[in-house]
Amino acid sequence: METLTELVSPPDVSSSPDVAAMATGLGIALHTAGLPVGPDRCERLARAVTVMGATSVAELRACALATMVSDPAQMATFDRVFAALFGGPSPFRNQVPPAGPAFQRAEADGGPQPAQGQVDPSRLPSGWHVSDAVPASPDGDEPLAEAPAVRRVASAAERLRGRDFTELSPGELRQLVTLMREMTLAIPPRRTRRYRPARDGKRPDLRRTLRLARRSGGEAIRFARRAPRAKPRRLVVLCDISGSMEPYARALLMLLYVLNAGQAQGDPNRTEVFSFATRLTRLTPTLAAASPDTMLAKAGEAAPDWSGGTRIGAAIKEFNDRYGCRGMARGAVVLIISDGWETGEPELLGEQMARLSRVAHRIVWANPRTQSPRYRPEVGGMAAAWPYCDAVVSAHNLDALDDLLSALRAR
């Protein structure tokens, strides 16, 4: 059985740093010491270290502090565990150390502890150096080298947030998944025909009032009321996967994968995703893939027209005939992701958009071309579809996705 020290420091010093093993080892130690650290936070730490390109203990501590600690009260435990694994002083060294076999094993397996202010190189993954390890301030407060490392993490994330999706490499698109996990999708609720007990309800609940009266000898002392139940509306996504939209389609499909990772397969209100270029393809089953890369690969296999031409009007007509007007789009929030380049008849697109607007609760159009202040929807398919859209957003980079999510949750 591997010890905690073996997880943190790989035995092969000539190999590249095993960031996943290091994050797992630190997560196990913090969890055993009592912090609410799970696999999700270990994954965030590994991704933060990768995005930052951290090669020192100071940068590692900044990444771990940003991803593993969620409350100021956890700082004492975090510093004790981190100092035990990677050496260096702890500002809480006068307090009682946390109990737990993993923490004790980390100290026991490490042998002699390094001197105060030093780091044991045998505890670090290969490729890491200790020349700029965390130095302690004279008064024993927080380390001095943490601020530049935090700024470096923030600057790397800011660069990714502000860049257009067409400018990102496949590796950078995968790094966006960590930032997308911080976003939340909130679809406005809809009123159902069922009722729930409610003290401030406007509708009397006679049956429950009579049941309560049996407890008081038939006297109706408590008067029960009820209110309509509400549940989230379904989100239906129609994504353009033509050649001009391919980079944006990949990024937005990754966003949908992240936001809907917790939805159950049998949920009747789960997000429905369709792709279109020259034909309509249902991609909802691909959202259940194990990773974003696997999801994109399965989506490419399911949609043979990936990076093909664009027939928006014909695709929306097929959706209305087969799915939308039969109930899927009724009362739903419909998101259309397309730049509006229509090779078919714009009149068909306008007719089908009008048909869709009569059954949908809200239609949001994500068009990356609208990021330009000079853009005007005066020609082509976008001019025909614009009057039936409740909101039009650009969604061309990570910062613009906030506007997209705000448009989706608007009532």
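The legends below describe close-up views of a predicted model.

**View 1**
Helix α2 covers residues 19-32, 14 residues in total. From its first C-alpha to its last it reaches 20 Å, close to the 20 Å expected at 1.5 Å a residue. The buried residues of α2 include V19, A21, M22, A23 and G25. Further along the helix, L26, G27, A29 and L30 are buried as well. After α2 comes G34, which has a positive phi, near 115 degrees.

**View 2. Helices α8 and α10 packed together.**
Helix α8 is formed by residues 170-180 and helix α10 by residues 246-259. The two pack at an angle of about 40 degrees, and their axes are 10 Å apart. Their crossing is right-handed. On the α8 side, the contact is made by L173, R174, V177 and M180. On the α10 side, A251, M254, L255, V258 and L259 take part. Sorted by class, the contact has eight nonpolar residues, one charged residue and no polar ones.

**View 3. The largest nonpolar core.**
This core has 50 residues, of which L176, L253, L335, L401, L404 and L408 touch the most other members. Two or more residues each come from α8, β4 (235-240), α10, α11, β7 (333-337), β8 (362-366), β9 and α15. Helix α10 gives the largest share, 11 residues. Leaving aside residues up to four places away in sequence, L335 touches L235, V236, V237 and L238, and also V364, A366, L404 and L408. Another core, of 29 residues, lies apart from this one and has A29, A46, C63 and V69 among its members.

**View 4. Two loop residues with positive phi.**
Most residues other than glycine have a negative phi. S307 is not a glycine, yet its phi is positive, near 65 degrees. S307 is found in the loop between α11 (292-302) and α12 (312-322). S307 counts as partly exposed because its relative accessibility is 42%, which falls between the limits of 20% for buried and 50% for exposed. A395 is another residue that is not a glycine but has a positive phi, of about 55 degrees. The loop that holds A395 runs between β9 (391-393) and α15 (401-409). A395 has a relative accessible area of 1%, so it is buried, the cut-off being under 20%.

Conventions: Residues are numbered from 1 along each chain as its sequence is written. This is a predicted model: local features need pLDDT of at least 70, side-chain atom pairs count only at pLDDT 80 or more; totals for chains, interfaces and linings use all residues. Side-chain values use heavy atoms; hydrogens and water are left out. Helices (H or I, at least four residues) and strands (E, at least two) are DSSP runs, numbered from the N terminus. The expected span of a helix is 1.5 Å times one less than its number of residues. Buried means under 20% relative accessible area, exposed over 50%, partly exposed in between (1.4 Å probe, protein chains only). Axes are lines fitted to C-alpha atoms, for helices over the stretch in contact, and angles run from 0 to 180 degrees between N-to-C directions. A crossing is left-handed if the near helix is turned anticlockwise from the far one by less than a right angle, and right-handed if clockwise. Contact means heavy atoms within 4.5 Å. Ala, Val, Leu, Ile, Met, Phe, Trp, Tyr, Cys and Pro count as nonpolar, Asp, Glu, Lys and Arg as charged, and the others, Gly among them, as polar. A nonpolar core is a set of buried Ala, Val, Leu, Ile, Met, Phe, Trp, Tyr and Cys residues joined through side-chain atoms within 4.5 Å.
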